[in-house]
Amino acid sequence: MDQARLPVIVGVGEVANTDDDRIVHPLELLAEAVEQAVADSHAGRRLLDRVGLVGATPLSIYSEDRAADLVAARFELPAADTVETGYTGSGPLRLLAEAGHRITEGH
């Protein structure tokens, strides 16, 4: 495999709202996770300039809003493609596989 196309995870973030008194929109939790991943990368905000794909699972079974589109807009990533899985437990793994596939294909 071409080393320039080797998928690498550079930062991660995870947020779980376990505080019953903290009522927030799921987009706020996603934004917190993005901020954590950017901080974890040690690359700072310049990392966001390189984002080509924003993937997300649905916000809720009741929402028609696309989480990936909302995150891309929130972080001003107009050049990023967006993809959203169905409402399933395997969604995050499918998104990771999609990102890896796109990287190996040169995107």
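Trainee: Why is His 42 called exposed?
Mentor: Its relative accessible area is 71%. The cut-offs, with a 1.4 Å probe and protein chains only, are under 20% for buried, over 50% for exposed, and partly exposed in between. So His 42, at 71%, is exposed. This is a predicted model, where local features need pLDDT of at least 70, side-chain atom pairs count only at pLDDT 80 or more, and totals for chains, interfaces and linings use all residues. Residues are numbered from 1 along each chain as its sequence is written, and side-chain values use heavy atoms, without hydrogens and water.

Trainee: Where does His 42 lie?
Mentor: In the loop between α1 and β1. Helices (H or I, at least four residues) and strands (E, at least two) are DSSP runs, numbered from the N terminus. His 42 has a positive phi of about 60 degrees, although it is not a glycine. Most residues other than glycine have a negative phi.

Trainee: What makes Glu 76 count as exposed?
Mentor: Its relative accessibility is 68%, so it passes the exposed cut-off. Glu 76 also has a positive phi, of about 55 degrees. It lies in the loop between α2 (67–74) and β2 (81–84).

Trainee: How do you know that Glu 28 and Arg 74 form a salt bridge?
Mentor: Their closest N and O atoms are 3.0 Å apart. The rule asks for a side-chain nitrogen of Lys or Arg within 4 Å of a carboxyl oxygen of Asp or Glu. So the pair qualifies. Glu 28 lies in helix α1 and Arg 74 in helix α2, so the bridge ties together parts that are 46 residues apart in sequence.

Trainee: How many salt bridges does the rule give?
Mentor: The count is 6. Among them, Glu 32 and Arg 22 meet at 2.2 Å, N to O. Glu 32 is in helix α1, and Arg 22 is in the segment before α1, 10 residues apart.

Trainee: How is Val 10 classed?
Mentor: At 47% relative accessible area, Val 10 is partly exposed. Its place is in the segment before α1.
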